[in-house]
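Dear colleague,

Here is the structure you are taking over. My notes follow it.

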Amino acid sequence: MRPDDAILADALTLHAMWKRGALGGEVMPEDAHPPLDPSSEALARYFTLGMTLNYQRSSYALWKACTAAFDDPETGWVFDPTAVTASGAAELREALLKHRVALQPTRHPDIWRRNAEGLVRHAGGSVRTLFETCGWNLAAVKALLAAEKPSFPYLSGPKISNYWLYVLCSYTSWPLVNREALTVAPDTHVVAASRRLGLVPMAGLDGPLLVSRIAEDWMRVLDGSGYAPIDMHTPLWLWSRGGFAPLAVG
């Protein structure tokens, strides 16, 4: 494996390339969100429930579908945890399938409902209340979700939970603290980019062990650099998605 200082140097170059637009990314998937007040509960609910289905599919297609469902008077209620909890199975399935928020007619509505019920059970259906209970501390929110994992399927997982909190940091104006607690969210592109940089082996490591290894290794490499691990998520994601452009300074 490559030395940490070499990986850090390349990571900082990659971050600089992203900042000056050399990796693309002018429009990110989550930019498709409705034009809601960044301090609003509605925006937090949109990102929280939408994020529960953000796996093994195009993120651009997911958030476009979520916005179409949010804007549709017939389906916008699916972003209200209390309304979801009170809905019938067929009603929720039809609403989530209409704009292709859900792609699987049974599993996806079930995941959506369980997370909505988790919000109702632990925070009265309010994402804001969940964060207030945790003192707006991102580490405390992660710990709560991990402790109540059955109530928050996928949202509590290491990939989605970190990216969900990163998105809330990026798109809301809430007074969130302890951003350093967020690790990279090792999706397919982040894994590929981490391998390309020599952080982890190109082969022979996979599954949960790989996810855990990447998160831990980025925390080690970036320690003392002034960057939180989650700061590297978007540059790594765009670099892989764009076919690994040559690293260039300035």
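Which residues in H9 are buried? They are Ile-160, Ser-161, Asn-162, Tyr-163, Trp-164, Leu-165, Tyr-166, Val-167, Leu-168 and Tyr-171. Please keep in mind that this is a predicted model.

The helix itself: H9 has 14 residues, and 10 of the 14 are buried, so it is mostly covered. From its first C-alpha to its last, H9 reaches 20 Å, close to the 20 Å expected at 1.5 Å a residue. Its buried residues pack against four helices: H2 (41-51), H7 (127-133), H8 (138-147) and H12.

H9 also takes part in the largest pocket, where it gives the most to the lining, with four residues. That pocket has a volume of about 650 Å³. The elements that give two or more residues to its lining are H3, H9 (158-171), H10 (188-196) and H12 (233-241). In total, 28 residues line the pocket, and those nearest its centre are Asn-54, Tyr-55, Gln-56, Lys-159 and Asp-187. By class, the lining has 12 nonpolar, nine polar and seven charged residues.

One further residue, Asp-72, is in the loop between helix H3 (59-71) and helix H4 (81-86). Is Asp-72 buried or exposed? Asp-72 counts as buried because its relative accessibility is 12%, and the cut-off for buried is under 20%. Leaving aside neighbours within four places in sequence, Asp-72 is in contact with Lys-98 and His-99.

Regards

Note on methods. Residues are numbered from 1 along each chain as its sequence is written. This is a predicted model: local features need pLDDT of at least 70, side-chain atom pairs count only at pLDDT 80 or more; totals for chains, interfaces and linings use all residues. Side-chain values use heavy atoms; hydrogens and water are left out. Buried means under 20% relative accessible area, exposed over 50%, partly exposed in between (1.4 Å probe, protein chains only). Contact means heavy atoms within 4.5 Å. On a 1 Å grid over the protein atoms alone, a cavity is a set of points where a 1.4 Å probe fits but cannot get out, and a pocket is an open set with protein on both sides within 12 Å along at least five of seven lines; lining residues have an atom within 4 Å of a point. Grid points are joined across faces, edges and corners, and a volume is the space filled by probe spheres set on the points. Ala, Val, Leu, Ile, Met, Phe, Trp, Tyr, Cys and Pro count as nonpolar, Asp, Glu, Lys and Arg as charged, and the others, Gly among them, as polar. The expected span of a helix is 1.5 Å times one less than its number of residues.
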